[in-house]
Amino acid sequence: MNYYFITGSSSGIGKALVEELVKFPANYVYGMSRTNYMVDDQFEHHLIDLSNVDDVKGFSFPEFKQAEQIILVNNAGTLGDITHLGKQSDENIIDSIMVNLSSAAVLMNKFLKTYAAYTCRKCILNISSGAADSPYDGWANYCSAKAALNMYTRVVHEEQKEQKFPCEIYAIAPGVVDTLMQDQIRQVDEQSFSRIDKFRQLKANNELYQAKDVAVKLIEFMEYPEKIPSLISRIKL
Ligand SMILES: NC(=O)c1ccc[n+]([C@@H]2O[C@H](COP(=O)([O-])OP(=O)(O)OC[C@H]3O[C@@H](n4cnc5c(N)ncnc54)[C@H](OP(=O)(O)O)[C@@H]3O)[C@@H](O)[C@H]2O)c1
């Protein structure tokens, strides 16, 4: 069996990933989010608020008697309130870093610890963003968290080279995808985010990727990692 843990399984890319993965009988998927509507024999939902320290600390990965592959997809993400630093609430900064970075780091740590002695294929896929390399105004928490997630990926990649049964790790930016996150971006004003027009244009010109297409590509990458262009890369459809 291939076991997948997908954070942010209730919407957008995460939901599409679950829907595509359960089409194959060899896959079993654990979804992790605050809400869930998915019901499937090959799917189990774990209710978790990734901005809540106790929820994240209290999570533990299950032991498996037999597994072909175990894969963690750190997909959950939030832009939080889009507004310039100096106008943000403390909670917005803390929650955003918690969801986009700290919870992902804690889950990676727990994953690596739980499955260190497992000889099956192990893989972590961090869903990154072009924002990791672009200082978009209004997005300081998000850009910074994604940049740090890329660095975690690079460090863990180095560390795993030394392990007896190493875990693969990659960070992949999905491109601009038609999800609730993009809906939120288009609703802010220019004072909060000066490049809003670019994102409105992408939607108006029908240039957004569809979550299903992105999910199919991510699954192809997880199945054939030799097709992943580099440790930190971006999807091009
Ligand atoms: N869409 C894009 O254009 C784009 C571009 C670059 C990168 N990305 C990245 O792609 C990933 C998926 O984004 P998306 O576009 O699919 O967004 P989305 O449709 O808004 O989905 C976000 C997911 O994250 C979960 N989530 C948010 N806050 C959470 C919390 N506190 N606890 C648990 N789960 C939480 C949500 O679940 P609940 O609300 O049920 O908790 C939801 O399932 C993110 O990492 C995002 O940064 C997206």
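Trainee: What volume does the second largest pocket have?
Mentor: This is a predicted model, in which local features need pLDDT of at least 70, side-chain atom pairs count only at pLDDT 80 or more, and totals for chains, interfaces and linings use all residues. Residues are numbered from 1 along each chain as its sequence is written, and side-chain values use heavy atoms, with hydrogens and water left out. The second largest pocket has a volume of about 210 Å³, where a pocket is an open set of points on a 1 Å grid over the protein atoms alone, reached by a 1.4 Å probe and with protein on both sides within 12 Å along at least five of seven lines. A volume is the space filled by probe spheres set on the points, which are joined across faces, edges and corners.

Trainee: Which residues lie nearest its centre?
Mentor: Of the 13 residues that line the second largest pocket, Leu21, Phe24, Asn27, Ile219 and Glu223 lie nearest its centre, a lining residue being one with an atom within 4 Å of a point.

Trainee: And which helix gives the most to that lining?
Mentor: Helix H7 (211–223) gives the most, with five residues; helices here are DSSP runs of H or I with at least four residues, strands are runs of E with at least two, and both are numbered from the N terminus.

Trainee: OK, switching to the largest pocket, how much space lies in it?
Mentor: About 1,100 Å³ lies in the largest pocket, and its lining of 48 residues has Ala76, Gly77, Thr78, Leu79 and Met181 nearest the centre.

Trainee: How does that lining divide by class?
Mentor: The lining of the largest pocket has 20 nonpolar, 21 polar and seven charged residues, with Ala, Val, Leu, Ile, Met, Phe, Trp, Tyr, Cys and Pro counted as nonpolar, Asp, Glu, Lys and Arg as charged, and the others, Gly among them, as polar.

Trainee: Now Gln182, is that buried or exposed?
Mentor: Gln182, which is found in helix H5, is buried at a relative accessible area of 7%, where buried means under 20%, exposed over 50% and partly exposed in between, with a 1.4 Å probe and protein chains only.

Trainee: What is Gln182 in contact with?
Mentor: Leaving aside neighbours within four places in sequence, Gln182 is in contact with Val176, Val177, Phe199 and Leu208, contact meaning heavy atoms within 4.5 Å.

Trainee: Which residues are buried in H6?
Mentor: Ile196, Phe199 and Leu202 are buried in H6. Seen down the axis of H6, its buried residues fall within an arc of 125 degrees, so they line one face of the helix, the arc being that of the directions from the helix axis to the C-beta atoms. The buried residues of H6 pack against H5.
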